[in-house]
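I have a new structure open and a notebook beside it. Here is what I looked up, entry by entry.

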Amino acid sequence: MTAGCHDEGAAGGVATAEPRIALVGSPNAGKTSIFNALTGMHAKTGNYPGVTVSRFLGVSRAGGRRLMIEDLPGTYSLEPISPDEQILVDVLDGRIDGEQPPDALLVIVDATTLRRSLRFVAQVLARRLPTCVVVTFTDELSARQGHLDLEAFEQALGVPVVRVVGNRGHGVDDLRERLADWRSWTVPPLPPPSDATEVDAWTESVLAFAAYRPAGRHRITQRVDAVLLHPVWGTIVFFVVMLLFFQTIFTLAAPIQDWVAGFFGWLSGQVTAHVGNPWLAGLLGEALIGGVGSVLVFVPQIMLLFLLIALLESVGYMSRAAFLMDRVMARAGLEGRAFVALLSSFACAIPGIMATRTLPSAKDRLATMMAAPLMTCSARLPVYVLMIGLLVSPSARVGPLPAQGLVMFGMYLLGAVSAMTAAWVFKKIGNRRGLMMPFYMEMPPYRLPSVRSVLLAVWDSARSFVRKCSTIIAVTTVLLWLLLNLPVHSAADLRAHGVEPADKAAVSAYVTDHSYAAGLGRLVSPVFSPLGFDWRINIGILSAQSARETFVATLGQVAAAEDPEQPAAALKAMTRTDGPDAGKPLFDPATIAAILVYFAYALQCMATVGILRRETGGWKWPAIAFGYLTGLAWVMAYLAHTVAGLLGGG
């Protein structure tokens, strides 16, 4: 499913009365694209193993009938060595509690790697379930001077065969016609052999009968991989790609972000000016528009982030990045599959933690899960953009490159290095030595991305982000608005403290500074004051435990209360209200550095904690992860604040 943060997709394992057709196949064979085409669901596709690690159900109509289509994890073999492969075998063998085996199977095979795929087909046909083989990438096979006689191939296998080009939709109608008549699918009179030598002989006989000619080498892929897979040049290109990645996020999204911010500032001002009831005006203008709007401002960055990720995945570059990082992971005692899981955490820690099911070793899975929350997810992006914008001028440059993008690249690099280090530490602490399993990864040829699939990935990610703004963040911001505006102060009380009730700005400042939220923030000040945080930042840190983006919403509410029309200017002009530093700027470089580093390390996502509990089977490891990451966040933020203060002369 879509990899938007905290979105786990469709539920698996649901009993249904409709016939259930399961899709099986190796990674990169086009299985998920066919699932999307049949069901209209937008499951995530990727060019490396480990993306689809859960079971997904969708509804398809064929011949006027409803069919349940189940997208099972991609695998190269029915001899499981990892949890996600075990799921596939358990489903096919009917070992899932409360469920029968699928009524029929669609086996997806890549025409360009047919020899390898047939070994998997032999294992599937041995299950003796009604089966139809779907051959994908036949267009690419022909373009690379390959050949396959589909009719002869069907005769050799003894089961129906359909040609489908999933990303273009070719052959989908033919597949639907076959699905409408799935009960007539034949089963081979004799199952394929199980002995490895005999399977090889069976494979060669099927290929010979089908006049199969393998695809020639993809010359463009060969030439590009000579550079991208080189241990030196490939690594340099990887870092350049990542650097340009973050420069693009700042450069292209900034103008759109300014327009969105201006719109919400104008809208908040209109509410304040035209809504007569002060409480209703505050709820709408400060809580919803000022709070939620301050997070929605970052939708352009979020969409651009997922657009670039989708393009890199669709082109085929991400699998090359995983191959390059296999050497780095080996130094941490892990394998390339662990990098695949960590790479999945690049958008959200939840799919990254779930992707650890591809790891054969339970010890490696645990070490990777403990490290995954350190990878910089999209939920951190609004905080980073806001703080970097306060820290670095948009006009500042380092050579030809804007300084803001370089700082963002540094934050993502900090998260990646910290995750690798954490995985290494957990391996060392547990003395977790074991046999390293071979890391098998298919390098698909470089392909032009499907515009539809890329746009769907971007749309689903943006929709997930907006959905979270309308639920978790909206509820949290309304609660925070109440805490920031209670208790209610009478006119006499205001005058007694030297505040004129007619002065709205003074009243707003007094109410906020003497609110329940301010009291709560000051209560935890002994913990966070060494980091340079005041009560407003403290409240943001506490609220971010529900969702990191709520930190931005909290500051947005406070700024909107001070200046509804120019909340960004109010945020920059904030000063400290307590202690010996009262009157000094709140967001000085040392404090901003501490905030950035704190968010880089802290585990501030309860959904991630819940997934850790589910994947580890208890609360022990989630508690350890929350404890060590919170403590590490405080220590590293304190160091950042101290060093930045010394460098700044403060």
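Ground rules next. I am looking at a predicted model, where local features need pLDDT of at least 70 and side-chain atom pairs count only at pLDDT 80 or more, while totals for chains, interfaces and linings use all residues. Residues are numbered from 1 along each chain as its sequence is written, and side-chain values use heavy atoms, with hydrogens and water left out.

**Entry: the whole chain.** I found 28 helices and 8 strands. Of the 650 residues, 53% count as buried.

**Entry: strand 5.** I asked myself how many residues of strand 5 are buried. The count is 6 of the 6 in residues 131-136, so the strand is largely enclosed by the rest of the structure. In a regular strand the side chains alternate between the two faces of the sheet. Here I see Thr131, Val133 and Val135 pointing one way, with Cys132, Val134 and Thr136 pointing the other, and all of them are buried. Strands pair if DSSP finds at least two bridges between them; strand 4 (residues 104-110) and strand 5 do so in the parallel sense, over 6 bridges. One bridge I picked out joins Val109 to Val135.

Entry: Arg128 sits in the loop between helix 3 (114-125) and strand 5. Arg128 is not a glycine, yet has a positive phi of about 65 degrees; with a relative accessible area of 37%, it is partly exposed. Gln145, in the loop between helix 4 (138-143) and helix 5 (150-157), also has a positive phi, about 60 degrees, without being a glycine. At 57% relative accessible area, Gln145 is exposed. I also noted a cis peptide bond from Leu486 to Pro487, with omega near 5 degrees. Pro487 belongs to the loop between helix 18 (451-485) and helix 19 (491-496).

Key:
Helices (H or I, at least four residues) and strands (E, at least two) are DSSP runs, numbered from the N terminus. Buried means under 20% relative accessible area, exposed over 50%, partly exposed in between (1.4 Å probe, protein chains only).
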